[in-house]
Amino acid sequence: MIQLSPTAIGELKRLQKKHLPGGQLRIVVDASGCKGLAYQMQFAESPQPDDQVFDCEDIQVVVEKASMKYLSGLTLDYTEDLMGGGFRFYNPNAIETCSCGHSFAITG
């Protein structure tokens, strides 16, 4: 299960309207980043056959099968401060994250 905070939903709707109206949010985990795994987000037109799709209000979140083991229970938030705004990943599977919050490590 993937969850989006109300502020993340608001920002994603704004970005979706600008970049790909009617598109779905695709979240993928790649082997990269300073902790070994990194989050990637983009808007996609349609899911692939093995994707898992989550409905979060008006946003559909698509996760590829290989990434699901890393993202189960993920909450995506969006915050703003004086330095700007950004998405924050709260992942119960991560044992360590980098300072930017976009790279993480898991056990095993």
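I searched the whole structure for salt bridges and found 4, a salt bridge being a side-chain nitrogen of Lys or Arg within 4 Å of a carboxyl oxygen of Asp or Glu. The model is predicted, so local features need pLDDT of at least 70 and side-chain atom pairs count only at pLDDT 80 or more, while totals for chains, interfaces and linings use all residues. Residues are numbered from 1 along each chain as its sequence is written, and side-chain values use heavy atoms, with hydrogens and water left out.

Entry, helix H1. I looked up arginine 14 and found its side chain in a salt bridge with glutamate 11, at 2.7 Å from N to O. Both residues lie in helix H1 (residues 6-19), 3 residues apart, about one turn of the helix; helices (H or I, at least four residues) and strands (E, at least two) are DSSP runs, numbered from the N terminus. Arginine 14 is partly exposed at 46% relative accessibility, whereas glutamate 11 is buried at 10%. Buried means under 20% relative accessible area, exposed over 50%, and partly exposed in between (1.4 Å probe, protein chains only).

Entry, strand S2. I noted a salt bridge between arginine 26 and aspartate 51, with the closest N and O atoms 2.5 Å apart. Arginine 26 lies in strand S2 (residues 24-30) and aspartate 51 in the loop between strands S3 (37-44) and S4 (52-56), so the pair ties together parts 25 residues apart in sequence. Arginine 26 is buried at 9%, and aspartate 51 is buried at 15%.

Entry, strand S8. I recorded a salt bridge between glutamate 96 and lysine 35, with the closest N and O atoms 2.8 Å apart. This pair links distant parts of the chain, 61 residues apart: glutamate 96 is in strand S8 (residues 96-97) and lysine 35 in the loop between S2 and S3.
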